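Here is a briefing on one structure. Please keep the sequence and the coordinates open while reading.

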Amino acid sequence: MALESRHVPDRAPLAEHHHADTALEVRHLTAGHPGMPPAIDDVSLRVPVGEIVGLIGPNGAGKSTLFKASLGLIHPARGEVLAFGRPVRDSRAEIAYMPQVEEVDWEFPVSVLDVVMMGRYQGPRPFLGWSRADRAAALAALGRVGLAPYAGRQAGQLSGGQRRRILIARSIARGARLLLLDEPFAGLDAAVQHDLLALMDDLASEGRSILIATHDLSCVANSCDQAICLNRRVVAAGQPKNVLTEAILTATFERHLLAIPQAMDIVRIADDEHLETHEQQVPR
Amino acid sequence: MIDWLLEPYQYEFMRRALLVLLVTSVVMGVVGGFVVHKGLAFSGDALAHATLAGVAVAFVAGASVGLGALVAAVLTALGIGWTRDRARVSADTAIGIVFVAMFSLGIVILSRRTSYTPDLMSFVFGNILGVSGADVAGSAALAVVVLLFVGAFYRELLLVAYDPATAATTGVPAKLFQYATLLMVAVAVVVALKAIGIVLINAMLLIPVSTAALFLRRLPSIMAVGALIAFACAAAGLHLSYYAGVATSPAIVLVACAVLLAVLGVTSRRGVRLPAPAKAGA
């Protein structure tokens with residue numbers, strides 16, 4: 001990504017710590033599958049209102065468990081998760097989840113507008129279907145992500161980047177103030193990633209709060225207000241430039257990662273050769 | 001031409017046959033929409049075959065055959081849902097085992113009866129000309145239940161079919177509606193049982209809807225046109241069997257296959273068929 005196209009967050013970080021400016025607060029959360037060791041153990045973190053927070057960690061670090069607990073889909077063994085100061089189960093309408101793009105059945109015969117309207121679901125309304133307000137909100141959300149001309153198209157006909165926008169529009173149509181995005185950048189080329197990041201930045205500027213689980217360290221470095229490194233526990237949290245260091249990444253991924261701090265947009269996993277030759281190799 | 005069309009319907013049994021095919025076609029279109037697009041074809045086939053156990057038990061016990069089929073189909077649907085959630089073997093292996101067991105049980109019970117062969121044949125391949133007024137009423141009642149259910153909970157069924165993970169986060173009881181989808185297929189199978197017969201029900205769930213999906217892109221229209229195609233094929237098959245003296249439900253299925261091939265020929269030549277979606281990129 002070219003330097004001038006990089007996305008530098010310009011929103012002032014919020015230092016104070018009360019409910020009014022906290023979108024998501026996770027307190028001493030321990031959770032996982034029953035009968036298994038907890039996938040996350042004593043995790044505490046905070047997503048401030050209007051910020052983009054990147055959640056990184058290796059596969060199996062507990063990112064999806066953290067998401068499920070934040071969506072009220074699993075009961076924590078210990079600890080609690082609050083959205084806007086209330087238990088997440090009471091704030092479903094405030095939270096929207098965007099699954100990994102391949103979890104959605106794109107062959108299914110639904111229009112783009114149909115998908116976005118699904119975000120408006122608030123409970124059964126037997127025989128009534130979607131309301132006019134649902135339709136209007138969905139169309140407005142599609143306009144917001146630049147897909148208004150595609151409302152009537154079959155969702156599967158759209159490209160990978162557009163599919164992400166459909167799912168983001170679904171979250172916007174919901175009226176959610178907190179967005180949980182699971183791997184939104186996977187499989188996108190740099191230009192499309194950049195456009196998606198610009199959209200997220202706009203949404204954050206409007207006061208929406210975004211938590212992104214991602215393997216894309218350069219997107220976190222370039223566009224997130226905060227980075228959180230998770231590996232069953234929170235390894236580190238803070239501004240990306242302070243968190244995405246070689247030592248912290250190595251501790252998070254339990255193997256050596258090569259970070260280039262001055263650019264912060266090229267971070268790659270060292271291959272075996274690096275592991276053998278690099279001086280600062282940290283033993284596992 | 002008019003005479004050719006109307007002549008069969010001077011007979012009461014032909015009018016009943018057409019009526020039960022109309023009811024069946026509507027249900028096949030609506031439920032088939034979910035079966036085709038959720039990849040439930042094997043479940044549909046399994047549910048149809050499993051009804052034989054219920055049919056046989058009801059036959060021996062002197063109970064209502066439709067009720068026996070319904071109980072067997074519902075139990076099998078619950079069994080399929082349960083195995084899908086918990087089995088260590090893959091879901092289709094579990095489904096395959098369950099339905100073969102139920103089908104065998106049905107054949108074993110029926111084989112104890114002296115009049116085994118004709119009775120078995122009428123359930124396995126359908127006996128549309130032997131449909132009674134009570135059969136029509138029973139199918140119609142179940143059809144109304146299915147259609148009311150889909151009408152009432154279409155949004156929930158759609159959300160769970162399309163994206164179950166997100167459906168759960170918006171407060172849809174996803175697991176409940178996944179079971180409900182299977183139960184819906186089970187009831188649809190019983191609606192079609194007497195007219196179409198166990199081994200051919202799946203064809204009526206799959207073929208008309210697949211034909212409609214070749215040129216339509218939204219589920220409600222696919223369901224509606226699927227139902228129309230199903231009924232047109234059913235009526236054509238019924239005529240064919242009347243004039244050519246062949247078995248009715250296989251004739252219906254063959255007509256449906258011919259229509260599918262014809263539509264496929266037209267849509268692929270004109271390039272109307274959906275392009276393969278791009279995997280990634282802008």
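Predicted model: local features only at pLDDT ≥ 70, side-chain atom pairs only at ≥ 80, totals over all residues.

Chain A holds nine helices and 12 strands. Its domain 1 covers 16-244, and its domain 2 covers 245-284. Chain B meets chain A through 31 of its residues, against 32 residues from chain A.

**Chain A overall**

- Chain A has 284 residues, and 46% of them are buried.
- Take the contacts in chain A between residues at least 6 apart in sequence: 66% of these join residues at least 24 apart.

**The six-stranded sheet of chain A**

- Six strands of chain A make an open sheet, ordered β6-β7-β8-β3-β9-β10. The pairing in this sheet is mixed.
- Its edge strands are β6 (95-98) and β10 of chain A, each of which pairs on one side only.
- Direction ignored, neighbouring strands of this sheet are turned by 15° against each other on average.
- Within the order, β7(A) and β8(A) (residues 209-213) pair in the parallel sense, over five bridges.
- A:Asp182 has A:Ala213 of β8(A) as its bridge partner.
- Helix α8 of chain A (residues 246-253) lies across β3 (52-56), β9 and β10 of chain A. Helix α8 of chain A runs at about 155° to β10(A).

**The four-stranded sheet of chain A**

- A second open sheet in chain A has four strands, in the order β2-β1-β4-β5. Here the pairing is antiparallel.
- At the edges are β2 (40-48) and β5 (86-87) of chain A, and each pairs on one side only.
- β1(A) and β2(A) pair in the antiparallel sense, with six bridges.
- A:Thr22 is set opposite A:Pro48, a residue of β2(A).
- Helix α1 of chain A (residues 63-70) lies across β1, β2 and β4 (78-83) of chain A. The angle of helix α1 of chain A to β1(A) is about 120°.

**Positive phi in chain A**

- A:His28 has phi near 45°, which is a positive value in a residue other than glycine.
- A:His28 belongs to strand β1 of chain A (residues 22-31).
- A:His28 counts as exposed because it has 12 C-beta neighbours inside 10 Å, and the cut-off for exposed is 12 or fewer.
- A:Glu183 also carries a positive phi in a residue other than glycine, near 50°.
- A:Glu183 is located in the loop between β7 (178-182) and α5 (190-205) of chain A.
- A:Glu183 is buried because 20 other C-beta atoms lie within 10 Å, and 20 or more is the cut-off for buried.

**Contact between the domains of chain A**

- Domain 1 of chain A brings 14 residues to the contact, and domain 2 of chain A brings 12.
- On the domain 1 side, α6 (217-223), β9 (226-231), β10 (233-238) and α7 (240-243) of chain A each supply at least two residues.
- α6(A) gives the most to this side, with four residues.
- By class, the domain 1 side has nine nonpolar residues, four polar and one charged.

**Contact between chains A and B**

- How many residues does each chain give to the contact? Chain B gives 31 and chain A gives 32.
- On the chain B side, α7 (133-152), α8 (154-162), α9 (164-169) and α12 (219-244) of chain B each supply at least two residues.
- α8(B) gives the most to the chain B side, with six residues.
- The chain B side divides into 18 nonpolar, seven polar and six charged residues.

**A helix pair in chain B**

- Two packed helices are described by the angle between their axes and the distance between the axes.
- Helix α10 of chain B (residues 174-196) packs with helix α11 of chain B (residues 201-213) at an angle of about 115°. Their axes are 9 Å apart.
- The angle therefore makes α10(B) roughly perpendicular to α11(B).
- From α10(B), the contact is made by B:Ala188, B:Val189, B:Ala192, B:Leu193 and B:Ile196.
- From α11(B), it is made by B:Ile201, B:Met204 and B:Leu205.
- Which classes do the residues of this contact fall into? Eight are nonpolar, with no polar and no charged residues.

Key: Residues numbered from 1 in each chain as written. Chains lettered and ligands numbered in written order. Domains from an automatic or database assignment. Contact = placed C-beta atoms within 7 Å. Nonpolar A, V, L, I, M, F, W, Y, C, P; charged D, E, K, R; others polar. Axes fitted to C-alpha atoms, helices over the stretch in contact; angles between N-to-C directions. Parallel < 35°, antiparallel > 145°, perpendicular 65-115°, else oblique. Pairing = 2+ DSSP bridges.
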